[in-house]
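These are my notebook entries on one structure, kept in the order in which I looked things up.

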Amino acid sequence: MSAATRSRTPDRLCAEAVDLARSAAEDAAAPGVVGEHVSLVSEGDRVVTHYFEAKEPGYRGWRWAVTVMRASRAKNVTLAETVLLPGPDSLLAPEWVPWSERLRPGDMGPGDLLPTEAEDLRLEPGFTGEDVPPPNSVVAETVPPSHDLAERVEAEDAELTERRPVDATIANGRGAIASLAEELGMRRARVLSRYGLHAAADRWDESFGAQTPMAQAAPATCATCGFLVPLAGSLRQAFGICANEFSPADGHVVSLTYGCGAHSEAAVMPKTPKPAPHVFDSMGTDELRLRPARDDGSVDSEPDGTEDLGHS
C-alpha cells in the first residue's frame, strides 16, 4: 500500500477515539457548547482530526477540531491538538478594507504616521511673511540629486528673467517677519483654519459637552470646577482640559458646560470623626494573682512569729 493511500485512510484506533476527542473539546470550551460529532479527517499515518459542532453564541458554523494520534505499533491514542476552526458556512469577518478607509480617530498609536493632503481644509498657512519656506525647513522643496549643475543654473536664469522686480522694502519686511516668527517659535508652515477649529470644537462638544448623559446628571458644570485647566486663545471661552484623575474626562478637552460627579465643589468630604473612648476598656490586660496580696486585708500584713507546721 502506498503512502498516499495510507494517509487518506483513517487509522481505526484513532477514528474510534471519539470520546477522547469530545472530552478534550469540552475541557477547552465552556460547558455545554460542544455539539454533535460532525466528521473526521485523516491527517496522515495514525493521525486523525475529529470535528464537533460548536454552539457558542456568535460562532455560527464553527467547529471544534480535535486531533488525536498514536505511535507506531502502539494501541494507546493520545491527544495532539484542540482548536476552534471555521466551517464552510461559518460567520467570518468582513473583507479587508484599506487603512485609508478604515482609519478612525483614536486608532493611531506610538510611532504611527498619518500623512495629510496638500489642500487639507483643516489647515491653512501659518504666516504670510514669505511664500517660500527657508532652505533649512522640513517642508522646503529640495532639488533631486540627479539634476546637474548646468540644469540648475538654467532654471535659476529663467526664473530671474521672468520674475518682476521686487521692492527691496517689501523683501526686507518679509524677511523681518519671518525672522520674528522664527524667534517667537511661530514658524509653522500651516496652522489650524477656522473650519478645522470649528470641526474640532464640534467633536469635543459631542464627546464631553452639555448634551452627554454624564453632564445631564452632574451637580455642576466644569466652568466652576477647580480641576479645569483653561485653554489659550479663542477656545478659552468654551473649552478647557480636565485634570481630575477620578473624572471620566481626565486629560480630555471638555466643554465649560460639561460636568461630572467628580466636580471639585460637588461634595466636600467631612473630616473623619474621632471615635470616643470605650466605656469599658476591652483592650487592656488585668493582672491575675495566684495568691492574695498582703495589703488587701485578706491576710495579715505581718507574720505572727509562729511557724506553720501543717498540723494543729
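Predicted model: local features only at pLDDT ≥ 70, side-chain atom pairs only at ≥ 80, totals over all residues.

Entry 1, Cys242. I looked up the burial of Cys242 and found that this residue counts as buried, at 11% relative accessibility; in my scheme buried means under 20% relative accessible area, exposed means over 50%, and partly exposed is what lies in between, with a 1.4 Å probe and protein chains only.

Residues are numbered from 1 along each chain as its sequence is written, and side-chain values use heavy atoms, with hydrogens and water left out.

I searched for disulfides, each being a pair of cysteine sulfur atoms within 2.5 Å, and the structure holds zero of them. For Cys242, the nearest cysteine sulfur belongs to Cys260 and is 6.0 Å away. For Cys222, the nearest cysteine sulfur is that of Cys225, 6.0 Å away; Cys222 counts as buried, at 10% relative accessibility.

I then turned to the strands, which are DSSP runs (E, at least two residues), as helices are (H or I, at least four residues), both numbered from the N terminus. Three strands form an open sheet in the order S7-S8-S9, with antiparallel pairing, where two strands pair if DSSP finds at least two bridges between them. Strand S7 (228-230) and strand S9 (253-255) are the edge strands, each pairing on one side only. Between S7 and strand S8 (residues 239-242) I find antiparallel pairing over three bridges, and Leu228 stands opposite Cys242 in S8.

Which residues does Ser255 touch, not counting residues up to four places away in sequence? With contact taken as heavy atoms within 4.5 Å, I list Asp205, Phe208, Gly209, Cys222, Ala238 and Phe239. Ser255 is found in strand S9 and is buried, with a relative accessible area of 5%.

Is Ala217 buried or exposed? I record Ala217 as exposed, with a relative accessible area of 67%, and I place this residue in the loop between helix H8 (213-216) and S7. I also looked up its separation from Gly259: the two are 42 residues apart in sequence, and 8.1 Å apart in space from C-alpha to C-alpha.
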